[in-house]
Each structure stands twice: as C-alpha cells, then as structure tokens.
Amino acid sequence: MTTVELPRVPWSVPDWHERGACQLFPELDWIEAKAKSPQALACKTICAACPVRYDCAISALERGEPNGIWGGLDRADRKKIAVEFGFPLPGDPPPHGTHARRVKWGCTCRPCKDGHALYERERRFRARAMAVWSRPLLVLTVPFKAGRRLAGAGQYLLPLDVPAPLGAEREQQPDEAAIPAAA
Ligand code: SF4
Ligand SMILES: [Zn+2]
C-alpha cells in the first residue's frame, strides 16, 4: 500500500515580514548576533515589542531554522521549544510537504511541491487582502506646496511623516480601524 503525504497547511504565511520591528534597525544583525552578546540582547528586546513576534517565532520553529534570533528566540530557546512541542530541531530538515522543506532544503518531492504551492497561494491571498487597507489614506482637495514640491488637487498623499496640509480631506477607509498601530 502506498502512503500519500498531503501538503501541510502552513501555520503562518509571510504577510508579517514587512511589519517586523527589525526592519527599523538595519544596523543590527539578527542572524549573526552571538548568543548572550549585547547585540543579541538588543535584538531580543526589540523582538519583545514586535507586533509580529508570534508569527516570526512559529515560522522559524516550523522550518527548523538553525541560525539567528526569530521572534525573540535564539537557537537554544528554539531547541527547548522544539523538544517540548514537536517542531523539528534547529538544523534538522522540516517534514516533507512543507514550504520550508521545498525552499530551504530543495526537496523536489510531490508533497513538498504541493506544500510550497499552497503556501504561495496563501501568501498572495494575504498580500491582496493587505493591499486593501494599505492604500493611501489622504487625498488632496487643494494644491499643496512643500518646499520645492507641489502636489495637485486629487493627488494621493502616502501616510509618511509629512504634516497633513490644511484643507486636505481625510478619506475614511472601510476597515481603517483594523490597522495595527505599529504597521
Ligand atoms: S520578532 Fe524580531 S526578528 Fe521577528 S520580525 Fe519581529 S523584530 Fe524581526
Ligand atoms: Zn519533500
């Protein structure tokens, strides 16, 4: 009898990547930080306040990530959790049928290909959903001049740290209330 291994639904999909607090600290290295070094401590402190630390940690545990700090967990932390909760040990290949086994370990078996396809489908679905609430929040109703830059009426303003111009009308988004503060 042949056993068919079904693709595993990923526990997390990477719509969280762009929202990681580490994106704001390019001078720190989350991958190379030596355990218990001041840099590792700084990374873990930032992870503790990161809005996506759970997704980040689960993702690293799922793929048996051998290096770096993810979700505030270093390799030793991940090993302890892996033993207790049945994740692959850091450095061990994750099971067949997973995106990580396909991408990180180059497995070309059918379940891994299917798992990868499923992961990518989920990722694209999430990206499209995010695109709805990440649209620009401001649209100008009057021309606006900032230094040498001139923005015309009707032009969108990206929500950067630009002061809202007088007369700009705020366009309410249907799901605006759901936007995480740290996003
Ligand atoms: S938990 Fe840490 S490593 Fe993961 S995205 Fe957030 S800041 Fe980056
Ligand atoms: Zn495989």
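Residues are numbered from 1 along each chain as its sequence is written, while chains are lettered from A and ligands numbered from 1 in the order in which they are written. Because the model is predicted, local features need pLDDT of at least 70 and side-chain atom pairs count only at pLDDT 80 or more, whereas totals for chains, interfaces and linings use all residues.

The protein chain contains 5 helices and 5 strands; helices (H or I, at least four residues) and strands (E, at least two) are DSSP runs, numbered from the N terminus. Their order from the N terminus is α-α-α-α-α-β-β-β-β-β. Of the 183 residues, 22% are buried. A residue is buried if 20 or more other C-beta atoms, placed from the backbone, lie within 10 Å of its own, exposed if 12 or fewer, and partly exposed in between. Two residues are in contact if their C-beta atoms, placed from the backbone, lie within 7 Å. Among contacts between residues at least 6 apart in sequence, 53% join residues at least 24 apart.

Apart from residues up to four places away in sequence, A57 touches W70, G71, G72 and L73.

Ligand 1 is surrounded by 13 residues, the closest being G20, C22, C47, C50 and C56; a residue is near a molecule if its C-beta atom, placed from the backbone, lies within 6 Å of it. Both α1 and α2 supply at least two residues of this shell.

G72 is found in the loop between α2 (53-62) and α3 (75-85). It counts as partly exposed because it has 18 C-beta neighbours inside 10 Å. Beyond its neighbours within four places in sequence, G72 is in contact with K44, C47, A48, R53 and A57. G72 and A42, 30 residues apart in sequence, are 10.0 Å apart in space, C-alpha to C-alpha.

G91 lies in the loop between α3 and α4 (99-105). With 12 C-beta neighbours inside 10 Å, G91 counts as exposed. Its contacts, leaving aside neighbours within four places in sequence, are with G64 and P66.
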